Amino acid sequence: MSSKLRVGILGATGMVGQRFISLLENHPWFEVVTLAASPRSAGKTYEEAVGGRWKMDTPMPEAVKNIVVMNVNDVEKVASTVDFVFSAVDMSKEEIKAIEEEYAKTETPVVSNNSAHRWTPDVPMVVPEINPEHFEVIESQKKRLGTKRGFIAVKPNCSIQSYAPVLTAWKEFEPYEVVATTYQAISGAGKTFKDWPEMVGNIIPYIGGEEEKSEKEPLRIWGKVEDGVIKPAQEPVITCQCIRVPVLNGHTAAVFVKFRKKPTKEQLIKALTEFKGLPQELDLPSAPKQFIRYMEEDNRPQVSLDVNYEHGMGISVGRLREDTVYDWKFVGLSHNTVRGAAGGAILCAETLKAKGYIQAK
């Protein structure tokens, strides 16, 4: 009998669901035993349900091919087979909120990639290297839901991963004003070039809802737990533009920062390379050894060379230089479906297990 925790994936047939499956293959702590998706996929084997829509660049793991997909709406039935679930369902925000709470109320922890609960005051939204202490609000959430072990935890938007950790590493220098432009890959929309041929050689200067998330979510991550809820920070104030670019994987950010305390370049680079958090201290399975690296070359980081740094879980920073209007500017790069989506959620689940919030039923 395996001592691994039994994992279910809600929304298993979509791109993020597929990424969960590929990243969890041979995971030392977690074993995928249940796959759930929309009623139209239910009753088919996973291989049949996905058909020709497998979007990962590695083959579909053999272990999942013959798992019969369950109906994600059969909450009690799905929950009875697992210790916890990852959620990547494709529904309206209200439907996602409702179904994730339903799963939590079956005493099944939900670690979600979705945005629906990111602003629910007692739901922690966590980058484990930055704010693992926010998991403390789970106790208040359980009281609200009437559960003993069921809860919801979420990870933040993919677009902020390329700059929010950098600003966190520079906290001692008090950044107070930030301008960021993100150049976002098409996999962030769940698509490949085959699905979206009009993106070839094209740029679309609009991604619905993305700018608001990119400006506000970092402030929630930097907030404080007070009276059983998370109170967002007030600074740094961030203004953002989000642009879709013809890249498959990898979100790049061009960022300008004003600081109250004036750091040197050497101080800024040292703060980046020395920055680590709880996942590194605990040596969690998905944790990058070096979370943020600084690249000296003028033409780095580049998506084609650097997006898979630390198996897609690390962040690459370059082109740090003084600015004529702001104090400093830099370019950051992160993998949007690994660190920014499924991988970030898996690291959250590993942190929750290490802290005792997720256990075998």
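Predicted model: local features only at pLDDT ≥ 70, side-chain atom pairs only at ≥ 80, totals over all residues.
**Helix α12**
- α12 covers residues 338-354, and its end C-alpha atoms sit only 21 Å apart, short of the 24 Å a straight helix would reach at 1.5 Å a residue.
- The helix also has a kink of about 50 degrees, centred on G344.
- Just after α12 comes G356, which takes a positive phi of about 90 degrees.

**The open sheet**
- Six strands make up an open sheet with mixed pairing, in the order β10-β7-β11-β14-β13-β12.
- At the edges you'll find β10 (237-244) and β12 (292-295), each pairing on one side only.
- From one strand to the next, the twist averages 20 degrees.

**Where β12 meets β13**
- β12 and β13 (residues 315-322) run parallel and are joined by four bridges.
- For a spot to look at, take R293: its bridge partner in β13 is S316.

**Helices across the strands**
- α8 (residues 210-221) lies across β7 (175-184) and β10, and runs at about 145 degrees to β10.
- α9 (residues 265-274) lies across β11 (251-259), β12, β13 and β14 (328-334), and its angle to β12 is about 140 degrees.

How values were computed
Residues numbered from 1 in each chain as written. Heavy atoms only, no water. Helix = DSSP H or I, 4+ residues; strand = E, 2+ residues; numbered from the N terminus. Expected span 1.5 Å × (residues − 1). Bend = angle between axes of the 7 residues up to and from the residue. Pairing = 2+ DSSP bridges. Axes fitted to C-alpha atoms, helices over the stretch in contact; angles between N-to-C directions. Contact = heavy atoms within 4.5 Å.
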